[in-house]
Amino acid sequence: MAQARRVLVAADKFKGSLTAVEVAERVTAGLRRAVPGVEVATLPVADGGDGTVAAALAAGFDRHEVRVAGPLGHEVTAAFALREDTAVVEMAEASGLQRLPRGVFAPLTASTYGSGELLRAALDAGARHIVFGVGGSATTDGGAGMLSALGARFVDADGVPVAPGGGGLADLARADLTGLDPRLADIDLVLASDVDNPLTGPTGAPTVYGPQKGASPDDVAALDAALTHFAKVLETAAGPKAADLALAPGAGAAGGIGYGALLLGARFRPGIEVMLDVLGFAPALARADLVITGEGSLDTQTLHGKAPAGVAAAARAAGKDVVAVCGRLALTPEALTGAGIRRAYPLTEVEPDIALCIAEAGPLLERVAERIGRDLLV
């Protein structure tokens with residue numbers, strides 16, 4: 001490793017502190033302080049959750065903004081990324097937790113309608129291949145809002161549209177998918193997520209992720225029953241496949257919006273694998289001797305489809321050395337090695353105070369990168 005001169009920085013964000021682009025900038029600055037002549041390429045990455053559009057923009061996609069409904073129905077400005085006929089759409093841009101007022105949760109009523117509007121905007125812009133990154137949602141509506149924005153109808157026994165959100169699905173009597181945008185039949189739609197849960201049940205969206213969105217135990221039970229009912233009604237509209245798709249990996253992603261995407265014909269793929277393809281990771285990797293990846297916290301969740309694990313797996317397959325930067329390290333050396341990461345450099349080695357690590361993440365990361373430069377590049 002001491003001979004490595006060409007470095008690829010392919011890290012995710014440090015959530016709450018630094019974007020993936022800022023991580024790449026700080027690591028580059030620190031490396032060059034230690035080794036002025038080092039050749040550094042940057043490729044900010046994401047795993048399909050929040051930050052996915054930003055990663056695409058950093059890789060050369062064009063930014064497109066559109067006014068859509070936020071999770072509570074208020075208008076927000078959301079963005080998607082487009083290059084030629086490939087779009088990267090991030091559901092959190094429209095329906096994410098960050099779109100809720102601080103301290104406000106709406107587990108029963110938050111809707112994915114704006115995510116459907118984003119998909120429609122990508123179609124309007126000429127997209128034929130859409131990577132739909134899901135994660136960080138404020139919603140648990142099974143994708144009903146998204147489907148409604150794309151032309152589906154969900155009504156109660158009186159023929160009145162059901163209320164938005166997963167809670168409203170308890171009153172669903174009939175689903176009509178015949179009005180779905182016909183362009184959806186002619187595109188390649190990829191559901192990109194690091195979550196492979198089914199829609200409902202003990203490992204389903206309400207039970208596992210509902211509490212993160214403010215759902216009480218009673219709310220979780222109501223949402224699980226409502227989404228189970230939703231899938232049952234959809235069997236009448238879409239046939240037996242609706243029941244099968246509710247059990248499919250990824251159906252429970254982002255409050256069940258994965259289920260809605262699968263109903264549209266989406267292919268489920270691990271988010272980081274999709275994004276590495278879209279961002280052009282392979283050619284960038286081929287030019288590198290050393291790869292630096294990372295995210296805010298390297299822990300057991302990292303090993304289950306998060307960006308650093310995906311980067312490390314691809315780099316290891318290509319015979320490249322990998323180290324990681326992070327704010328906090330909660331993995332053993334053996335777990336790191338098993339993931340293909342030779343060593344991790346946490347900010348806490350420089351500053352043990354977690355609060356300071358979060359507040360001063362940028363300067364601290366530069367110091368960590370200097371250490372990597374001295375250890376591995378000098």
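The model is a predicted one, and the values below are computed from it. The residue belongs to helix 15, which covers residues 361–377.

- Leaving out residues up to four places away in sequence, Glu366 touches Arg26, Ala29, Gly30 and Arg33.
- Between Glu366 and Ala29 there are 337 residues of separation along the chain, yet their C-alpha atoms are separated by 6.3 Å.

- Ser17 is found in the loop that runs between strand 1 (6–9) and helix 1 (20–34).
- A polar atom of the Ser17 side chain lies 3.2 Å from the backbone oxygen of Ile358.
- Residues up to four places away in sequence not being counted, Ser17 touches Glu22, Ile358 and Ala361.
- Ser17 and Ala339 are 322 residues apart in sequence, and their C-alpha atoms are 25 Å apart in space.

**Asp181**

- Asp181 lies in the loop between strand 8 (174–176) and strand 9 (188–193).
- The relative accessible area of Asp181 is 13%, so the residue is buried.
- Its side chain makes a polar contact of 2.8 Å with the side chain of Arg183.
- When neighbours within four places in sequence are set aside, Asp181 is in contact with Arg120, Leu123 and Leu150.

**Asn197**

- Asn197 is found in the loop between strand 9 and helix 6 (205–209).
- Asn197 is buried, since its relative accessible area is 11%.
- Residues up to four places away in sequence aside, Asn197 touches Thr203, Val208, Tyr209, Ala248, Pro249, Gly250, Ala251, Gly252 and Ala253.
- Of these, Ala251 is 54 residues from Asn197 in sequence, with a C-alpha to C-alpha separation of 6.4 Å.

**Helix 9**

- Helix 9 spans residues 253–263 and is mostly covered, with eleven of its eleven residues buried.
- The buried residues of helix 9 include Ala253, Ala254, Gly255, Tyr259 and Leu263.
- Ala253, one of the buried residues of helix 9, is also among the residues that Asn197 touches.
- Ala254 is found in helix 9 and counts as buried at 11% relative accessibility.
- Gly265 follows helix 9 and has a positive phi, near 95 degrees.

- Most residues other than glycine have a negative phi.
- Ala254 has a positive phi of about 50 degrees, although it is not a glycine.
- Glu84, likewise a residue other than glycine, has a positive phi near 55 degrees.
- Is Glu84 buried or exposed? Glu84 is exposed, with a relative accessible area of 73%, whereas Ala254 counts as buried.

**The chain as a whole**

- The chain has 15 helices and 13 strands.
- The radius of gyration of the chain is 21 Å, close to the 21 Å that the globule rule gives for 378 residues, so the chain is as compact as a globular protein of that length.
- Taken along the principal axes, the C-alpha atoms fill a box of roughly 75 × 45 × 35 Å.
- Of the 378 residues, 54% are buried.
- Considering contacts between residues at least 6 apart in sequence, 71% join residues at least 24 apart.
- The accessible surface of the chain comes to about 15100 Å², and 52% of this surface belongs to carbon and sulfur atoms.
- The chain has 32 positive and 44 negative charges, and the mean positions of the two sets are 6 Å apart.

How values were computed: Residues are numbered from 1 along each chain as its sequence is written. This is a predicted model: local features need pLDDT of at least 70, side-chain atom pairs count only at pLDDT 80 or more; totals for chains, interfaces and linings use all residues. Side-chain values use heavy atoms; hydrogens and water are left out. Helices (H or I, at least four residues) and strands (E, at least two) are DSSP runs, numbered from the N terminus. Buried means under 20% relative accessible area, exposed over 50%, partly exposed in between (1.4 Å probe, protein chains only). A polar contact is a pair of N or O atoms within 3.5 Å; within protein, one must be able to donate a hydrogen and the other to accept it, and residues adjacent in sequence count only if both atoms are side-chain atoms. Contact means heavy atoms within 4.5 Å. The radius of gyration is taken over C-alpha atoms; the globule rule is 2.2 Å times the number of residues to the power 0.38. Accessible areas come from the Shrake-Rupley method with a 1.4 Å probe; for residues, only the protein chains shown count as cover. Lys and Arg count as positive and Asp and Glu as negative; His and the chain ends are not counted. The place of a charge is taken as NZ of Lys, CZ of Arg, CG of Asp or CD of Glu.
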